[in-house]
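Visitor: Please take me through the structure below, one feature at a time.

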Amino acid sequence: LEAVIGKLGTFPDVGTGTHEAETNEKSKQTSPVQNFRTSVEALIATGIPTEQAALIQSRLDEYDLEQLYLKDRATREGWLNTARYRQEQRQSQDAYQELRSEIGDDAYDRMLYALGRGNRVVVRDIMQNSSAEQYGLQANDRVYEYDGQRVFSSQELNDLVTQGGDAGALVLVRVQRDGKQLDFYLPRGPIGIRLASSRELP
């Protein structure tokens, strides 16, 4: 009985020539190895020059480390997810806008794409009787500029719409539609569009 149990408890060595062993070995040999590009390589792949890519990555590492230390400190001291934490987090995130002004909109656009973030503001839907409908905006338009400033997020567009200028004054809104650039002059104020975000190669 002990001899039978002993035989039942044994397993064939890998490579004994059994069909199962051969299949396992083949799958190990043919399974692709996952390779990851470094962040700098990803930036360069979008068309950012090597030196500028290294500068951008250096700044991003600095900002991300600040966020990690902020979260660690807030967790240890017991004020994570409080108003204080959100305020300090926003102050740290403002550094991204400083980076944008330092490297320019074109490089910033490519950086967002390389990081896997949305870099286009898409008109998802047009509200009836809105300025957008009256002046000819359409669903799937990409809002590219508002009043001469590039737009990369819905929040940026919302801020530009409500900041400065007189309500009702005509403002240049530049959109991309089917690969073409179109200019619209809309009254400053609510546009009447529902927005979505898209990640597109600049």
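**Reading the structure**

Guide: Tryptophan 79 sits in the loop that runs between α4 (50-77) and α5 (83-103). Helices (H or I, at least four residues) and strands (E, at least two) are DSSP runs, numbered from the N terminus. The model is predicted, so local features need pLDDT of at least 70 and side-chain atom pairs count only at pLDDT 80 or more, while totals for chains, interfaces and linings use all residues. Residues are numbered from 1 along each chain as its sequence is written, and side-chain values use heavy atoms, with hydrogens and water left out.

Visitor: Is tryptophan 79 buried or exposed?

Guide: Buried means under 20% relative accessible area, exposed over 50%, and partly exposed in between (1.4 Å probe, protein chains only). Tryptophan 79 has a relative accessible area of 7%, so it counts as buried.

Visitor: Which residues is tryptophan 79 in contact with, leaving aside neighbours within four places in sequence?

Guide: Contact means heavy atoms within 4.5 Å. By that rule tryptophan 79 is in contact with Leu70, Arg73, Ala74, Arg84, Tyr85 and Glu88. A polar contact is a pair of N or O atoms within 3.5 Å; within protein, one must be able to donate a hydrogen and the other to accept it, and residues adjacent in sequence count only if both atoms are side-chain atoms. The side chain of tryptophan 79 makes such a contact, at 2.8 Å, with the side chain of glutamate 77.

Visitor: Which residues of α4 are buried?

Guide: An α-helix has 3.6 residues a turn, so residues three or four places apart point the same way. In α4 the buried residues are Ala53, Ile56, Gln57, Leu60, Tyr63, Gln67, Leu70 and Ala74. They pack against α3 (39-45), α5 and α6 (105-114). Leucine 65, also in helix α4, is partly exposed at 44% relative accessibility.

Visitor: How many residues does α4 have, and what span does it reach?

Guide: The expected span of a helix is 1.5 Å times one less than its number of residues. α4 has 28 residues and reaches 41 Å from its first C-alpha to its last, close to the expected 40 Å.

Visitor: Which salt bridge does arginine 73 form?

Guide: Side chains of opposite charge can pair when their charged atoms come close. A salt bridge is a side-chain nitrogen of Lys or Arg within 4 Å of a carboxyl oxygen of Asp or Glu. Arginine 73 meets glutamate 88 in one, at 3.1 Å from N to O. This pair links distant parts of the chain, with arginine 73 in helix α4 and glutamate 88 in helix α5, 15 residues apart. Arginine 73 is partly exposed at 34%, and glutamate 88 is partly exposed at 22%.

Visitor: Which side chain meets arginine 59 in a salt bridge?

Guide: That of glutamate 102, at 2.9 Å from N to O. Arginine 59 lies in helix α4 and glutamate 102 in helix α5, so the pair ties together parts 43 residues apart in sequence. The whole structure holds 15 salt bridges.

Visitor: Which residue forms a salt bridge with arginine 150?

Guide: Aspartate 106 does, and the closest N and O atoms are 3.3 Å apart. Arginine 150 is in strand β3 (residues 149-150) and aspartate 106 in helix α6, so the pair ties together parts 44 residues apart in sequence. Arginine 150 is buried at 8%, whereas aspartate 106 is exposed at 55%. Salt bridges that share partners join Asp106, Asp109, Arg120 and Arg150 into one network.

Visitor: Where is asparagine 119 placed?

Guide: Asparagine 119 is in the loop between α6 and β1 (120-126), and it is buried at 0% relative accessibility. Its side chain makes a polar contact of 2.9 Å with the side chain of aspartate 109. The residues that asparagine 119 contacts include Ser198. Serine 198 is found in strand β6 (residues 193-198) and is buried at 17%. The side chain of serine 198 makes a polar contact with that of glutamate 200 at 2.8 Å.

Visitor: How many helices and strands does the protein have?

Guide: There are eight helices and six strands. Buried residues make up 31% of the 202 residues.
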